[in-house]
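Please look through the sequence and the model below before reading on.

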Amino acid sequence: MEAVLLEYAWVLLVLVGLEGLLAADNAVVMAVMVKHLPKDQQKKALFYGLLGAFIFRFAALFMITLLVNIWQIQALGAAYLLFISIKSIYDQRKGDSDHILDDKGEKVEKKGSGFWMTVLKVELADIAFAIDSMLAAVALAVTLPHLNVFGMDDIGGINSGQFFVMLAGGLIGVIIMRFAAHKFVQLLEKYPQLETAAFVIVGWVGVKLLVMTLSHENVHVLPHDFPHSTPWTLTFWTVLIGIVVVGALLGVRQNKKEEETE
């Protein structure tokens with residue numbers, strides 16, 4: 001029993017690390033979505049969004065045996081994030097994305113989505129993230145030996161011991177996302193030049209969901225194990241870190257230009 005518990009503790013530790021990595025890119029998406037709201041509403045939108053994230057992860061665990069066959073959900077999530085990324089970057093390149101011209105041709109501040117519409121957008125992204133998170137967790141947890149917790153054998157078609165390990169990992173991941181998203185919002189407010197890089201990251205996360213869709217056993221454009229393979233994992237994080245580094249360098253350069261012109 002001690003060996004089994006030690007194995008469960010190790011997998012939980014790995015799950016926390018995995019959820020922390022997944023929470024990082026998810027948090028960037030959430031931060032970009034709520035950035036236009038007033039500060040008091042940003043916190044509320046993040047709270048509702050993260051509450052939804054936990055609910056969706058909990059529901060995904062119960063329905064994982066059903067969800068693994070519904071590749072369309074991840075496809076919609078990928079399309080949704082790619083649309084947000086491409087549209088936002090296009091708007092920025094086209095002109096000042098924070099302003100529009102009124103009837104007199106003068107610039108006025110453009111209104112973003114309202115509070116509840118923003119929450120809805122965050123929740124839609126959360127659905128795709130929850131499936132992404134739980135599929136990764138299931139792939140890791142199913143290697144554990146069966147362990148009955150509270151006298152229960154299976155929960156939602158998953159061994160109860162494996163279920164509670166995945167639930168604990170998911171809960172910790174949501175907590176990490178909560179603090180990471182808040183920090184990203186503060187970072188975008190302090191360095192608005194990073195917003196383009198943030199939207200590129202949103203698109204890259206969309207590509208990750210697209211890769212998972214194309215590797216689904218019912219689609220089979222890519223090998224089924226490709227999304228969790230070492231080459232793709234290294235590629236994803238190398239590109240993600242590269243986007244952050246390039247975005248930061250461009251932000252520093254832009255700050256210097258603004259200081260020189262003042």
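## Helix 2

The expected span of a helix is 1.5 Å times one less than its number of residues. In this predicted model, helix 2 covers residues 39-62, and its 24 residues should therefore span 34 Å at 1.5 Å a residue, which agrees with the 35 Å that separate its end C-alpha atoms. The buried residues of this helix are Gln42, Ala45, Leu46, Gly49, Leu50, Gly52, Ala53, Arg57, Ala60 and Leu61.

## Spans listed in the record

An unreviewed UniProt entry lists residues 12-33, 45-64, 70-90, 124-143, 163-181, 193-214 and 234-252 under "transmembrane region".

## Nonpolar cores

The largest nonpolar core has 44 residues, and those with the most contacts inside it are Val29, Met30, Val32, Met33, Val34 and Leu81. Two or more residues of this core come from each of helix 1 (2-34), helix 2, helix 4 (71-94), helix 5 (115-141), helix 6 (160-190), helix 7 (195-214) and helix 8 (230-261). A second, separate core consists of 17 residues, among them Tyr8, Ala137, Val165 and Met166.

Which residues is Leu81 in contact with, once its neighbours within four places in sequence are left aside? They are Val29, Met33, Ala125, Phe129, Val202, Gly203, Val205, Gly206 and Leu209.

## Aromatic rings

The count of aromatic pairs comes to 10. One of them, formed by Tyr48 and Trp116, is tilted, with 5.3 Å from centre to centre and 40° between the planes. Because Tyr48 lies in helix 2 and Trp116 in helix 5, this pair ties together parts that are 68 residues apart in sequence. Tyr48 is partly exposed, with a relative accessible area of 31%, whereas Trp116 is exposed, with a relative accessible area of 57%.

The rings of Phe236 and Trp237 have their centres 5.3 Å apart and their planes at 85°, so this pair is edge-to-face, given that planes over 60 degrees apart count as such. Phe236 is buried, with a relative accessible area of 3%, while Trp237 counts as partly exposed at 22% relative accessibility. Both residues belong to one aromatic cluster, which is formed by Trp204, Phe226, Trp232, Phe236 and Trp237.

Note on methods. Residues numbered from 1 in each chain as written. Predicted model: local features only at pLDDT ≥ 70, side-chain atom pairs only at ≥ 80, totals over all residues. Heavy atoms only, no water. Helix = DSSP H or I, 4+ residues; strand = E, 2+ residues; numbered from the N terminus. Buried < 20%, exposed > 50% of the residue type's maximum accessible area, 1.4 Å probe, protein only. UniProt positions renumbered as here; feature names shortened; annotations may be inferred. Core = buried A, V, L, I, M, F, W, Y, C linked by side-chain atoms within 4.5 Å. Contact = heavy atoms within 4.5 Å. Phe/Tyr/Trp six-rings, centres within 6.5 Å; stacked < 30°, edge-to-face > 60°.
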